[in-house]
Amino acid sequence: MNDTTSEWTDEDRRAMSRAFALAQRGLYTTDPNPRVGCVLLRDGQVVGEGWHERAGEAHAEPRALATAGEAARGATAYVTLEPCDHHGRTGPCTQALIEAGVSRVIYAMEDPNPLVAGAGAKRLRASGVEVASGLMAAASEALNPGYVRRMRTGMPFVRVKLATSLDGHTALASGESRWITSKDARKDAQYFRARSSAILTGVGTILADDPALNVRIDESDRQPLRVVLDSRLRTPSDARVIDREGQVLVIGTVDDESRRRSLELQDVEVQIIPSAVRPDLGAVLALLGRRGANEIWVEAGPILAGAFVRARLCDELIIYVAPALLGEGARPLLDLPPLQRLEDKLSLRFTDCRSVGDDLRITAVLA
């Protein structure tokens, strides 16, 4: 059910824009919950603001109501997502809005969570609250692409990160790759790590580079789940990816009791998805979706990154391009099969391009 109207006022748009600015503050902290902001407006004046900061803590609406106090009575609430109407780790936001005496609620989009999905609007209307939706709906989905995808399909939103020279190489023939891109580009990638539910790589990257794959920015104190696809459980128990705060999940295809126990002694979780060669990527993503993962950041070598692209399980490519040439024999950007006909090429659509330090950051999607 959707009460979308095209008759939004400038005041409506300003208030909802402010609600989105507030929601953005939870970009790195709300996982696995959506990022949500709320503004309370009465007689043209903002009387309350709030945003969801962390899973298990108060949602945006109760925070805004707390700042407004009695001024919330008769106010209009602008919320970036439909207010919830169920008991989880916190109470229903609909009840808080009703008890506070809010007269009108405008939300951007219906919550795709089956526990909400129109129930919030229904409860509000039944209590005499005027309800409208659809204002900046696209912005709401863009703010929470993983949450929306997971609630609709059970699968997370996948970004594949690539760092390349201008001639399309990721490393020298010897494997040396530190550093193709600039410090600024590497810092920029940290923000994508921070907003993700999980950082995923392959055991080849672990063995070759021994990366930590942790988040190192002041804006976030949360460490995403680190996921290593490792068919034969070859991840060393002293790998840097393990020697960090946060959970590590190793996904293999064949169980090896000795290697599994060695990893489990380091508090590493091991899951086996039986397969003849390597873990089925669709099954991996389904597993992560069931665990509540919204956004996955793939930071891997050309074989695994290419596998995500070939299987069309990549929602976005984040490509950092350095102004450098590595020449013949250097390692390719992606491991893709050769084509016999140009018409069989894999087409992309660029959605963003910007400078990051001396490099370019290109965002692309499969066409």
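## Close-up views of a predicted model

**Figure 1. The whole chain, seen through its contacts.** Of the contacts in the protein chain with a separation of 6 or more, 70% are between residues 24 or more positions apart. The model shown here is predicted, and its protein chain holds 11 helices and 16 strands. A compact globule of 367 residues would have a radius of gyration near 21 Å, and the 23 Å of the protein chain agrees with that. Along the principal axes, the C-alpha atoms fill a box of roughly 70 × 45 × 40 Å. Buried residues make up 51% of the 367 residues. The protein chain exposes about 17300 Å², with carbon and sulfur atoms supplying 48% of that area.

**Figure 2. Helix α1 and its buried side.** Here we look at helix α1, residues 10–23. Asp 12, Ala 15, Met 16, Ala 19, Phe 20, Leu 22 and Ala 23 are the ones to look for, as they are buried in α1. These residues cover an arc of only 155 degrees around the axis, so they sit on the same side of α1. An α-helix has 3.6 residues a turn, so residues three or four places apart point the same way. Turn to the other side of α1 and you will find Asp 10 and Arg 14 exposed. The buried residues of α1 pack against strands β1 (37–42), β2 (45–51), β3 (76–79) and β4 (104–107), and against helix α5 (137–143).

**Figure 3. Helix α6 and what covers it.** Helix α6 takes in residues 145–153, and its buried residues are Pro 145, Gly 146, Tyr 147, Val 148, Arg 150 and Met 151. The cover over these buried residues includes helices α5, α7 (183–195) and α10 (281–290), along with strands β6 (157–165) and β12 (295–298). Just after α6, look for Gly 154, which takes a positive phi of about 85 degrees.

Figure 4. Side chains of opposite charge can pair when their charged atoms come close. The count for this model comes to 26 salt bridges. In one of them, the side chains of Glu 295 and Arg 35 meet at 2.8 Å, N to O. Glu 295 lies in strand β12 and Arg 35 in the loop between α1 and β1, so this pair ties together parts that are 260 residues apart in sequence. Glu 295 counts as buried at 1% relative accessibility, and Arg 35 is buried too, with a relative accessible area of 5%. Glu 316 forms a salt bridge with Arg 159, with the closest N and O atoms 3.0 Å apart. Glu 316 is buried at 17% relative accessible area, and Arg 159 counts as buried at 4%. Salt bridges that share partners join Arg 35, Arg 159, Arg 195, Glu 295 and Glu 316 into one network.

Figure 5. Glu 130 and Arg 104 bring their side chains together in a salt bridge of 3.5 Å, N to O. Glu 130 is in strand β5 (residues 130–133) and Arg 104 in strand β4, 26 residues apart. At 46% relative accessibility, Glu 130 counts as partly exposed.

**Figure 6. Arg 312 and its contacts.** Arg 312 lies in the loop between α11 (302–310) and β13 (316–322). With 47% relative accessibility, Arg 312 counts as partly exposed. Leaving aside residues up to four places away in sequence, Arg 312 touches Leu 346, Leu 366 and Ala 367. Arg 312 and Leu 366 are 54 residues apart in sequence, yet their C-alpha atoms are 7.6 Å apart in space.

Technical notes:
Residues are numbered from 1 along each chain as its sequence is written. This is a predicted model: local features need pLDDT of at least 70, side-chain atom pairs count only at pLDDT 80 or more; totals for chains, interfaces and linings use all residues. Side-chain values use heavy atoms; hydrogens and water are left out. Helices (H or I, at least four residues) and strands (E, at least two) are DSSP runs, numbered from the N terminus. The expected span of a helix is 1.5 Å times one less than its number of residues. Buried means under 20% relative accessible area, exposed over 50%, partly exposed in between (1.4 Å probe, protein chains only). The arc is that of the directions from the helix axis to the C-beta atoms. Contact means heavy atoms within 4.5 Å. The radius of gyration is taken over C-alpha atoms; the globule rule is 2.2 Å times the number of residues to the power 0.38. Accessible areas come from the Shrake-Rupley method with a 1.4 Å probe; for residues, only the protein chains shown count as cover. A salt bridge is a side-chain nitrogen of Lys or Arg within 4 Å of a carboxyl oxygen of Asp or Glu.
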